[in-house]
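This briefing goes through one protein chain by topic. Please keep the sequence and the 3D view open while reading.

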Amino acid sequence: MGYYHTVRMAIGEADIVMEVVDARFPKASRNFSLEHKIKMEKKKLLIVLNKSDLVSEEEVKKQKELAGTKSIFVSAKHRKGTRKLREALGMLSAGKEVKVAIIGYPNTGKSSIINMLKGKKSSPTSSTAGFTKGKQNVRINSKIMLIDTPGVIPFGKHDQTLMLLLGAKNVQQSEDIENAGAEAAQEMLSSNPKMLEDTYGIYASDGEDFLEKLALKKNKLLKKGRPDTTAAAKMLLNDFKEGKIGLKN
């Protein structure tokens with residue numbers, strides 16, 4: 001049974017679906033094809049924007065408006081937003097016993113969200129893509145049963161950049177690291193330009209411009225002092241995967 005089929009079955013079984021996305025680029029990390037299925041099956045949908053500690057309050061407000069559905073900002077790493085998330089699930093369940101399917105791309109933090117709700121480590125976490133291999137049930141309390149699902153990796157040429165940003169694909173696996181880095185930088189500049197400025201102190205007009213300036217700033221140079229944009233791309237993608245890009249803690 002494929003991962004996508006497992007996720008679709010979990011959605012069919014659930015009363016509520018909780019989609020975990022990355023608050024640093026929420027639109028790109030939402031799975032709109034699954035959201036369409038959720039709406040078609042008339043299931044309640046809650047968008048959980050994780051890693052909100054890495055974005056500014058202004059960005060949080062802006063992205064919440066763009067979400068277009070009920071959304072909650074949390075930081076599983078710092079255990080922030082637990083009460084609001086519990087309250088949101090309580091309102092959606094209307095006090096009834098419910099099953100909640102938790103979906104999302106790899107490495108958005110689904111298992112960490114489960115651990116946060118449970119109050120102790122109940123679901124193993126890993127930075128390895130696809131660590132959750134199949135559907136797993138985790139009881140949060142007497143009323144809520146979570147259905148954990150594997151992260152479904154999209155299959156599209158443009159999705160390669162998304163997978164690198166999420167850390168669901170190793171930088172070394174990319175056939176064109178420089179291009180992937182430029183696309184990743186462009187995605188960040190489009191969705192949250194201040195994030196790159198706050199992290200690196202670099203203002204750039206586009207993704208390629210950013211890589212050149214990053215290479216020069218970090219002294220990543222080729223012969224004749226030309227900026228090593230491939231090295232800069234690796235740095236950018238690895239920093240993003242490790243949570244180094246965003247607000248300084």
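A polar contact is a pair of N or O atoms within 3.5 Å. At the start of helix α9, a side-chain oxygen of Asp 206 comes to within 3.2 Å of the backbone nitrogen of Glu 208, so the pair falls inside that cut-off. The model is predicted.

**Overall make-up**

- The protein chain has 10 helices and 6 strands.
- Of its 249 residues, 52% count as buried.
- Taking contacts between residues at least 6 apart in sequence, 65% join residues at least 24 apart.

- The buried residues of α9 are Gly 207, Asp 209, Phe 210, Leu 211, Leu 214 and Ala 215.
- An α-helix has 3.6 residues a turn, so residues three or four places apart point the same way.
- The cover over the buried residues of α9 includes α7, α8 (193-200) and α10 (229-241).
- Just after α9, Asn 219 has a positive phi of about 60°.

**Packing of α7 on α9**

- Helix α7 (residues 177-191) packs against helix α9 (residues 207-217) at an angle of about 110°, and their axes are 7 Å apart.
- The two helices, α7 and α9, are therefore roughly perpendicular to each other.
- From α7, the contact is made by Glu 178, Gly 181, Ala 182, Ala 185, Gln 186 and Leu 189.
- From α9, Gly 207, Glu 208, Phe 210 and Leu 211 take part.
- By residue type, the contact of α7 with α9 divides into 5 nonpolar, 3 polar and 2 charged residues.
- Gly 207, Phe 210 and Leu 211 are on the list of buried residues of α9, and they also belong to the contact with α7.

- Asp 22 is in strand β1 and is buried, with a relative accessible area of 0%.
- Its side chain forms a salt bridge with that of Lys 51, at 3.8 Å from N to O.
- Strand β1 spans residues 16-22, and Lys 51 is in the loop between β2 (44-50) and α3 (57-67), so the pair ties together parts that are 29 residues apart in sequence.
- Asp 22, Arg 24 and Lys 51 are linked in a network of salt bridges.
- A polar atom of the Asp 22 side chain also lies 2.9 Å from the backbone nitrogen of Arg 24.
- Beyond its neighbours within four places in sequence, Asp 22 is in contact with Ser 29, Asn 50, Lys 51, Thr 108 and Phe 240.

**Other salt bridges**

- The count for the model is 10 salt bridges.
- Lys 37 pairs with Glu 41 in a salt bridge, with the closest N and O atoms 2.4 Å apart.
- Lys 37 is buried at a relative accessible area of 13%, whereas Glu 41 is partly exposed at 31%.
- Arg 83 and Glu 87 also form a salt bridge, and their closest N and O atoms are 2.9 Å apart.
- Both residues belong to helix α4 (residues 82-93), where Glu 87 and Arg 83 are 4 residues apart and therefore separated by about one helical turn.
- Arg 83 is exposed, with a relative accessible area of 54%, while Glu 87 is partly exposed at 41%.

**Ile 72**

- Ile 72 is in strand β3 (residues 71-73) and is buried, with a relative accessible area of 9%.
- Which residues does Ile 72 contact, leaving aside its neighbours within four places in sequence? They are Leu 46, Ile 47, Val 48, Leu 49, Lys 84, Leu 85 and Ala 88.
- For Ile 47, the C-alpha to C-alpha distance from Ile 72 is 6.3 Å, although the two are 25 residues apart in sequence.

**Pro 150**

- Pro 150 is found in the loop between β6 (144-148) and α6 (159-166).
- Is Pro 150 buried or exposed? Pro 150 is buried, with a relative accessible area of 1%.

Key. Residues are numbered from 1 along each chain as its sequence is written. This is a predicted model: local features need pLDDT of at least 70, side-chain atom pairs count only at pLDDT 80 or more; totals for chains, interfaces and linings use all residues. Side-chain values use heavy atoms; hydrogens and water are left out. A salt bridge is a side-chain nitrogen of Lys or Arg within 4 Å of a carboxyl oxygen of Asp or Glu. Buried means under 20% relative accessible area, exposed over 50%, partly exposed in between (1.4 Å probe, protein chains only). Axes are lines fitted to C-alpha atoms, for helices over the stretch in contact, and angles run from 0 to 180 degrees between N-to-C directions. Angles under 35 degrees count as roughly parallel, over 145 as roughly antiparallel, 65 to 115 as roughly perpendicular and the rest as oblique. Contact means heavy atoms within 4.5 Å. Ala, Val, Leu, Ile, Met, Phe, Trp, Tyr, Cys and Pro count as nonpolar, Asp, Glu, Lys and Arg as charged, and the others, Gly among them, as polar. A polar contact is a pair of N or O atoms within 3.5 Å; within protein, one must be able to donate a hydrogen and the other to accept it, and residues adjacent in sequence count only if both atoms are side-chain atoms.
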